[in-house]
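Please read this briefing slowly, with the sequence and the structure side by side.

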Amino acid sequence: MNKNEIQLIKKGKRIDGRRPDEIRPIDIQVGVLNRADGSCYLEWGGNKVIVAVYGPRELLPKHQQDSTRAKVQATYNMAAFSVEDRKRPGPDRRSREISKVTSEALSGVVFTEQFPRATIDVYIEVLDAQAGTRCAGITAAAVALADAGIPMRDIPASCAVGKVDDTLVIDLTKEEDNYGQADMPIAIAPRTEEILLLQMDGHLTMKEFNTGLELVIDACKKVSEIQKKALLSKYGSSLS
Amino acid sequence: MTEKRTIVIPGTIVGEAGKKKPGMGTFQENNNIYASRLGIKVDKADYINIIPLSGVYNPSTGDNIIGTIIECQLSSWMVDINAPYPAMLHVNQVPWKVEFGATGQYLTVGDSIIAKIGLIDESKKIELSMEDRGSRKIDAGIILDVQPQKVPRIIGKSGSMITLLKKYSNCWIFVGQNGRIWIKGEADKVDFIVEAIKKIEKEAHTVGLTSRMEQFLKERQK
């Protein structure tokens, strides 16, 4: 994609007026679904994601069970109306990939060995997509897992870093994602800064990669604070 | 209950490993104790525990539970006990003499029972027993599902809350450790108790609940 098609950074400000290291506004609500064990609704810029967590429960079919630990099975799904052109409903190559990487990221923090033979099901539904839905999905799923009372080492947080007009930017918008030079979503465990997910599309030099990683870890920590505040506010208000 | 109650989330530091021991719902890493689940921090004696605010029932040996039969096999039943795993009830563990293949004559799919949890092995295979005195088949009344974490609050300190409920309703109430409650009595009294239990469940993490509940029950009885 030719970067000159559209000028993404003007006078140090991005297309939506943010600074390069600024994340879009995030709003998280915990426990929005009555029938799920844990749930979360997240709005991140234009993204709207709802997550339901069920379990730990028995994993069926039985031959998939692991007698030493639980499986974390995330399912990422985009609603047909979530993008401008109607998305053909059902799983596709992209959503299967995101489901897989999300499951692996979340397995990294859950104490799976406490629930042998079980499964923890995480359903991520993207209702509105405006770039960065896998980060939004992981962020919301982490909150929903904590709400479901699942033992975890930490609450994962996720954010993306990218390169547009030769500048490193945090939390890319749709235009930056489409016309930018690189996009790198990561998920971390904020307490230890352990990396749970790292994918990259496009090209970054080693120096840019290292600087970008530092920037995005800081952004993840900001996301983490919002997650913690949302979780505490569900119970904090009624505690006398 | 005068001690300050703090709500913690997974990954929060709750203590120092040298001074305290990590208890329920916590883990130790690099000389620190961290919370592993969302709950209320309790700092008692040598241990730091987290009382969870949500989550599934975690079975432990000796719990009295209410289960529902989901499958009849030749010499055993499979029972849903509201845990991540179904439990097995063998014919040797029931108070009746059951012929091989005649399990269905005693308990069939859909029947509910009060049973005790016997053995749990490392892969969480659970065995039930109905041999002790309190165990029985449930014949009438209703079964109410509540969050298993709220069961201690519904029972109260040395049974204070459950005694209160029984006193004001004259119902037969049995609270299973797995979050199922069996209530038997007059229909309007049962409705009244269900309402009271829902109130306890909703306000379980607040202070001074028993006295507030007594007031609620008194008002409703008028």
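This is a predicted model: local features need pLDDT of at least 70, side-chain atom pairs count only at pLDDT 80 or more; totals for chains, interfaces and linings use all residues.

Residues are numbered from 1 along each chain as its sequence is written, and chains are lettered from A and ligands numbered from 1 in the order in which they are written.

**Chain A as a whole**

- The secondary structure of chain A consists of four helices and twelve strands, where helices (H or I, at least four residues) and strands (E, at least two) are DSSP runs numbered from the N terminus.
- Chain A has a radius of gyration of 18 Å, close to the 18 Å that the globule rule gives for 240 residues, so it is as compact as a globular protein of that length; the radius is taken over C-alpha atoms, and the rule is 2.2 Å times the number of residues to the power 0.38.
- Taken along the principal axes, the box filled by the C-alpha atoms of chain A is roughly 55 × 45 × 35 Å.
- Of the 240 residues of chain A, 48% count as buried, a term that applies if 20 or more other C-beta atoms lie within 10 Å of a residue's own, whereas 12 or fewer make it exposed and values in between partly exposed, with C-beta atoms placed from the backbone.
- Among contacts in chain A between residues at least 6 apart in sequence, 70% join residues at least 24 apart; two residues are in contact if their C-beta atoms, placed from the backbone, lie within 7 Å.

**The five-stranded sheet of chain A**

- Chain A has an open sheet of five strands in the order 3-4-5-7-6, with mixed pairing, and two strands pair if DSSP finds at least two bridges between them.
- Strand 3 (26–30) and strand 6 (71–78) of chain A stand at the edges with a single partner strand each, so one side of each is left without a neighbour in the sheet.
- From one strand to the next, the twist averages 15°; for such angles, axes are lines fitted to C-alpha atoms, for helices over the stretch in contact, and the angles run from 0 to 180 degrees between N-to-C directions.
- Strand 4 (residues 38–44) and strand 5 (residues 47–58) of chain A pair in the antiparallel sense over seven bridges, and Trp44(A) stands opposite Asn47(A) in strand 5 of chain A.
- Helix 1 (residues 93–107) of chain A packs on the sheet, where it touches strand 6 and strand 7 (118–128) of chain A, and its direction makes about 145° with that of strand 6 of chain A.
- Helix 2 (residues 133–147) of chain A also packs on the sheet, touching strand 3, strand 4, strand 5, strand 6 and strand 7 of chain A, and its direction makes about 150° with that of strand 4 of chain A.

**Domains of chain B**

- Chain B is divided into domain 1 (6–52), domain 2 (64–137) and domain 3 (142–221), with bounds that come from an automatic or database domain assignment.
- Eight residues of domain 2 of chain B are in contact with nine residues of domain 3 of chain B, and the C-alpha centres of these two domains lie 26 Å apart.
- On the side of domain 2 of chain B that touches domain 3 of chain B, the largest share, three residues, comes from strand 8 of chain B.
- By class, that side of domain 2 of chain B has five nonpolar, three polar and no charged residues; Ala, Val, Leu, Ile, Met, Phe, Trp, Tyr, Cys and Pro count as nonpolar, Asp, Glu, Lys and Arg as charged, and the others, Gly among them, as polar.

**Strand pairs in chain B**

- An open sheet of four strands in chain B has the order 1-6-7-3, with mixed pairing, and its edge strands are strand 1 (6–8) and strand 3 (21–22) of chain B.
- Strand 4 (residues 26–29) and strand 5 of chain B pair in the antiparallel sense over four bridges, and in their hairpin, which has two residues between the strands, Asn30(B) takes a positive phi near 45°.
- Strand 15 (residues 172–175) and strand 16 of chain B run antiparallel and are joined by four bridges, with Ile173(B) opposite Ile183(B).
- In the hairpin of strand 15 and strand 16 of chain B, which has four residues between the strands, Gly179(B) takes a positive phi near 90°.

**Contact between the chains**

- The contact takes 21 residues from chain B and 31 residues from chain A, and the side of chain B that touches chain A has eleven nonpolar, seven polar and three charged residues.
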